[in-house]
Amino acid sequence: MQAPSLSVAVAADTLAAAGNASLDTYDSGPSGIAVERWLIGALIRLAGLGERADGVLTPGGSLSNLMGLLLARDAAALRRGIDARRHGVAALPGPVVFCSELAHFSTHRACAVLGLGEAAVHPVPVDERRRMRPEALAAALEALGPDRTPIAVVATAGTTDFGSIDPLPEIAEIASGHGMWMHVDAAYGFGALFSERLAGRLAGLELADSVTLDLHKIGWQPAAASVLLVSDTTAFTSLDREVAYLNPADDSEAGFDGLLGRSLQTTRRPDAVKAAATLLTYGREGLGRMVDVCHDLARHAERRILTEPELELVAPAELTTVVFRYRGTNPAAADALNGALRRRLLESGAALIGRTEAETAGPGSPKRVCLKFTLLNPTATTDDIDGLVDTVLDAGRTCERLIEEGAA
């Protein structure tokens, strides 16, 4: 998921590093603050959020998810008359966070950090397209007793392996009906909004209470370049801090305010500069063309895999990833073969491809070792993809022969 960085972003990031500003206080980085506020506004409009929306940059998608669930936790606690920030979560009965069974692991980690415990996470089954099943979410909510506190539902817009996008409008309706926060982890999928062709797949994103996005994926930014957007700026209230040597009230009232009250960080570099420079240089249309190229490359890889008897397509290209397997002649050894194949490519320097596990025969089937192309280089060509597939095939045949010789 580390896309090649655009040269304009690298140059802007170098300039920002030379200035060494910090965005916590106005006097530490007024120009950086202005750039971040401009960028947040542009991303809010792209997401379709309303006039009360706000946002902040973070060091990564995991931290954006943590902050989104922090705000959700505090909102749920306040509905029960509990000030979680001041008194902790001990008085919060039976917290529950719902997410797809394919949600990013950072949801579990965030619940652990926030004192909810990983046991608070309730995985919701997915359908054959690897999307959260709304009816299963509704049933799980209805089954909760009065001794449980629904904190949030985390919908995923672009799962790490498959690029699958949960049905956001249906999930938003269920969450709203239960007075529950909806957080959308769009770290991977948000960049699809740049594309006129793919943007419709994120319909319903504008209904979220908070959204994670990560521009070092589909955005071609040097890391870190993650953002948390919220539908209502008052959501940041639980992060408010007034510190005499940083943001005294009279300075803030006079307009000399930093971004301390929107972040878990104090010192924070102006990461928005590189993303703003990229948007000003390419615009949505230019970035959209790059998204479409990467999606087309993934679709080409999908078609090529389908033509190869030695390969099995596990998941088609929803965004820019393609999951597949090398079949091998011995099904019992296929998992070991796919693992060895990937390591051979890595050790030789021939190619770096992803590895994961997936249910290859439908929901509920055993998980098998799979390979993955994550295609985020808009300068690549279909010839490059064909060469990559050929390299995988050669490595698979070699590894299979070595395994057979070793067994003999």
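1. Is Arg130 buried or exposed? Arg130 is buried, at a relative accessible area of 15%. Here buried means under 20% relative accessible area, exposed means over 50%, and partly exposed lies in between (1.4 Å probe, protein chains only). Arg130 also has a positive phi of about 65 degrees, although it is not a glycine. You will find Arg130 in the loop between strand 3 (121–124) and helix 6 (134–142).

2. A word on the basis of these notes: this is a predicted model, where local features need pLDDT of at least 70, side-chain atom pairs count only at pLDDT 80 or more, and totals for chains, interfaces and linings use all residues. Residues are numbered from 1 along each chain as its sequence is written, and side-chain values use heavy atoms, with hydrogens and water left out.

3. Now the overall picture. The protein has eleven helices and eleven strands; these are DSSP runs, numbered from the N terminus (helices are H or I, at least four residues; strands are E, at least two). The radius of gyration is 23 Å, close to the 22 Å that the globule rule gives for 408 residues, so the protein is as compact as a globular protein of that length. That radius is taken over C-alpha atoms, and the rule is 2.2 Å times the number of residues to the power 0.38. Along the principal axes, the C-alpha atoms fill a box of roughly 80 × 55 × 40 Å. Of the 408 residues, 53% are buried.

4. Asn20 is not a glycine, yet its phi is positive, near 55 degrees. Asn20 sits in the loop between helix 1 (7–19) and helix 2 (30–47), and is exposed, with a relative accessible area of 66%. Elsewhere, Ala223 and Ala224 are joined by a cis peptide bond with omega about 5 degrees. Ala224 belongs to the loop between strand 6 (210–214) and strand 7 (226–230).

5. On to charges. The whole structure contains 28 salt bridges, each being a side-chain nitrogen of Lys or Arg within 4 Å of a carboxyl oxygen of Asp or Glu. In one of them, Asp292 meets Arg197 at 3.9 Å, N to O. Asp292 lies in helix 9 and Arg197 in the loop between strand 5 (181–186) and strand 6, so the pair ties together parts that are 95 residues apart in sequence. Asp292 counts as buried at 17% relative accessibility, whereas Arg197 is partly exposed at 43%.

6. Glu318 and Arg201 form another salt bridge, with the closest N and O atoms 3.4 Å apart. This pair links distant parts of the chain, 117 residues apart: Glu318 is in the loop between strand 8 (311–315) and strand 9 (321–326), and Arg201 is in the loop between strand 5 and strand 6. Arg201 is partly exposed, with a relative accessible area of 34%.

7. How many residues apart are Asp394 and Arg397 in helix 11? They are three residues apart in helix 11 (residues 382–407), a separation of about one helical turn. Asp394 is partly exposed at 44% relative accessible area, and Arg397 is partly exposed at 37%.

8. Finally, there is a salt-bridge network to trace: Asp13, Arg269, Asp271 and Lys274 are linked in it.
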